[in-house]
Amino acid sequence: MDYFLLKQLGTISIPREKKHEPGESSVRVMENIASLRNFDYIAAESLVSDRVKLLLEQYLPEQEWQPCAFVDPQKQEQETFWFLPPISYVSEDVGFTNGLPCSVTVNNEDFAEKSSGIFYIPNPKGTPFVIVHLSVAESILRRGFCGLILERLPGRPGSGSKAGIV
């Protein structure tokens, strides 16, 4: 089965909370909220836009999604992103090259039963990596999301190909 690493394309600086507890909403004051419109995925905290959330909800039914609202009180603007919910499935075998996942193994019996096609790979340096199945990747590509890229995990270190949306 084909899997892809979801990565942020480009950079953006967002205000962080000192102690954000998983499962809690977040409100953050930020200037230049318009810059957030160039992103549908912010990797630093696994945040997705409303548009991506609507898609991922189809693959993650009955999950609790927590909002992260960015507000600019002076301009009276707001953009809402959503924390990816906790995902319980863990891949059996993960290969790494230069600190990034390069391959994953999901048992055929697990797919569509235990695995939703979206899961995390722990990252010792911070936010976990988000991995999506080919079916999810195709849905992402068809919808024209911006500020993200999908990097194929081929199973062999150093032979990855990329599919992206700018």
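Trainee: How much of the protein chain is buried?
Mentor: In this predicted model, buried residues make up 45% of the 166 residues in the protein chain.

Trainee: And how many helices and strands does the chain have?
Mentor: The protein chain has 2 helices and 12 strands. Read from the N terminus, the elements follow the pattern β-β-β-β-α-β-β-β-β-β-β-α-β-β.

Trainee: What share of the contacts join residues at least 24 apart?
Mentor: The share is 59%, counted among contacts in the protein chain between residues at least 6 apart in sequence.

Trainee: What does Val-48 touch?
Mentor: Residues up to four places away in sequence are not counted here; beyond them, Val-48 touches Asp-40, Tyr-41, Lys-53, Leu-56, Trp-65, Phe-81, Trp-82 and Leu-84.

Trainee: Next, α1. Which of its residues are buried?
Mentor: In α1 the buried residues are Val-52, Lys-53, Leu-55 and Leu-56. They lie on the same side of α1, because they cover an arc of only 165 degrees around the axis.

Trainee: Which exposed residues are on the face turned away from that side?
Mentor: Leu-54 and Gln-58 are the exposed residues carried by that face of α1.

Trainee: What do the buried residues of α1 pack against?
Mentor: They pack against β4, β6 (77-83), β9 and α2. As for direction, α1 lies across β4 and β6 and runs at about 100 degrees to β4.

Trainee: What is the strand order of the open sheet?
Mentor: The open sheet of 5 strands has the order β2-β5-β6-β4-β3, with mixed pairing. Its edge strands are β2 (26-29) and β3, each of which pairs on one side only. Between β3 and β4 there are 2 bridges, and these strands run antiparallel. Within this pair, Ile-42 stands opposite Leu-47 in β4.

Trainee: And how many bridges join β9 to β10?
Mentor: There are 5 bridges, and the two strands run antiparallel. They form a hairpin with 2 residues between them. As for burial, β9 is mostly covered, with 5 of its 6 residues buried.

Trainee: Back to β3 and β4. Where is Glu-45?
Mentor: Glu-45 is in the loop between β3 (41-42) and β4 (47-49).

Trainee: Is Glu-45 buried or exposed, and why?
Mentor: Glu-45 counts as buried, because its relative accessibility is 13% and the cut-off for buried is under 20%.

Trainee: Which side chain makes a polar contact with that of Glu-45?
Mentor: The side chain of Arg-28 does, at 2.7 Å. Leaving aside neighbours within four places in sequence, Glu-45 is in contact with Ile-14, Pro-15, Arg-16, Arg-28, Phe-83 and Thr-127.

Trainee: Ser-46 lies in that loop too. What is its phi?
Mentor: Phi of Ser-46 is near 50 degrees, a positive value in a residue other than glycine. Most residues other than glycine have a negative phi. Ser-46 is buried, with a relative accessible area of 6%.

Trainee: And Glu-62: what is its phi, and where is it found?
Mentor: Phi of Glu-62 is near 60 degrees, which is also a positive value in a residue other than glycine. Glu-62 is found in the loop between α1 and β5. Glu-62 is exposed, with a relative accessible area of 83%.

Trainee: Last topic: Val-71. Which strand is it in, and what does it touch?
Mentor: Val-71 is in strand β5 (residues 66-72), and it is buried, with a relative accessible area of 19%. Not counting residues up to four places away in sequence, Val-71 touches Val-27, Arg-28, Val-29, Met-30, Ile-33, Glu-77 and Gln-78.

Note on methods
Residues are numbered from 1 along each chain as its sequence is written. This is a predicted model: local features need pLDDT of at least 70, side-chain atom pairs count only at pLDDT 80 or more; totals for chains, interfaces and linings use all residues. Side-chain values use heavy atoms; hydrogens and water are left out. Helices (H or I, at least four residues) and strands (E, at least two) are DSSP runs, numbered from the N terminus. Buried means under 20% relative accessible area, exposed over 50%, partly exposed in between (1.4 Å probe, protein chains only). A polar contact is a pair of N or O atoms within 3.5 Å; within protein, one must be able to donate a hydrogen and the other to accept it, and residues adjacent in sequence count only if both atoms are side-chain atoms. Contact means heavy atoms within 4.5 Å. The arc is that of the directions from the helix axis to the C-beta atoms. Two strands pair if DSSP finds at least two bridges between them. Axes are lines fitted to C-alpha atoms, for helices over the stretch in contact, and angles run from 0 to 180 degrees between N-to-C directions.
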